[in-house]
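Please read the numbered points with the structure open alongside.

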Amino acid sequence: MITIRVYGEPIPQGQISHNAAGSAYSTNAKRLKPWRAAIAKAVITQAADVPTITEPSALSLVLYLPRPKKHYRTGRFADVLRDDAPQWPTAHQLGDLDKHQRSVLDALTEAGLIADDSLIVAAWPAWKTWANPEQPPGARIAIRPVWDALLAEFEALP
């Protein structure tokens, strides 16, 4: 199994739109570049000796999204969460989980860790949660051979 910890703000892939000339572009390409660069840096530093994955594999992903300032109190209690702060990052502007998965998989492919993202045949578990002092914004990514993942699932059954 390969495990990578990426630091930075997770950005979803975004929609593909077309301009007047018919060229395709991503709606949030400017914000996506630093996130993909952070993933590439993590691959280089944490998995440099790992050969490119060319076999069917399973992906586990935990995304740590930064909380907006409005979730916190003000003044001397500015580090305390408000009582009405949401427990899970479900706001539309934070992005859908599948679009986050797409951005991570495309970045892993660009970084050369996986030959093609079509080799990921299982992508569970995948979570969006809030970052905190122990887990700063970013992601934890684990990739393992699909057969190992299936065996672990069957062993977990009662």
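**Notes on the model**

1. Leaving out residues up to four places away in sequence, Ser103 touches Ile11, Pro12, Gln13, Leu32, Trp35 and Arg36, where a contact means heavy atoms within 4.5 Å. Ser103 is part of helix α2. Ser103 counts as buried because its relative accessibility is 0%; buried stands for under 20% relative accessible area, exposed for over 50%, and partly exposed for values in between, with a 1.4 Å probe and protein chains only.

2. The model is predicted: local features need pLDDT of at least 70, side-chain atom pairs count only at pLDDT 80 or more, and totals for chains, interfaces and linings use all residues. Residues are numbered from 1 along each chain as its sequence is written, and side-chain values use heavy atoms, with hydrogens and water left out.

3. The predictor's confidence in each residue is given by pLDDT, on a scale from 0 to 100. The chain has a mean pLDDT of 91, and 99% of its residues reach 70 or more. Among the elements, β1 has the highest mean pLDDT (97), while strand β3 (residues 24-26) has the lowest (70). Where pLDDT is low, predicted coordinates should not be read in detail.

4. Three helices and seven strands are present in the chain; both are DSSP runs numbered from the N terminus, helices being H or I with at least four residues and strands E with at least two. Their order from the N terminus is β-β-β-α-β-α-β-β-β-α. Of the contacts between residues at least 6 apart in sequence, 77% join residues at least 24 apart. Buried residues account for 37% of the 158 residues.

5. The largest nonpolar core contains 26 residues, and Trp35, Leu108, Leu113, Ile141 and Ile143 have the most contacts inside it. Such a core is a set of buried Ala, Val, Leu, Ile, Met, Phe, Trp, Tyr and Cys residues joined through side-chain atoms within 4.5 Å. At least two residues of this core come from each of β1 (2-7), α1 (29-46), β4 (57-65), α2 (97-110) and β7 (138-145). The most, six residues, come from α1. Apart from neighbours within four places in sequence, Ile141 is in contact with residues including Ile2, Ile4, Val6, Leu59, Leu61, Val104 and Leu108.

6. A salt bridge requires a side-chain nitrogen of Lys or Arg within 4 Å of a carboxyl oxygen of Asp or Glu, and five are counted by this rule. One of them joins the side chains of Arg36 and Asp106 (3.4 Å, N to O). This pair links distant parts of the chain, with Arg36 in helix α1 and Asp106 in helix α2, 70 residues apart. Arg36 is buried, at 17% relative accessible area, whereas Asp106 is partly exposed at 24%. Arg36, Asp106 and Glu110 are linked in a network of salt bridges.

7. Another salt bridge is formed by the side chains of Asp83 and Arg73 (3.0 Å, N to O). Both residues lie in the loop between β4 and α2, so the pair ties together parts ten residues apart in sequence. Asp83 is exposed, with a relative accessible area of 71%, and Arg73 is partly exposed at 33%.
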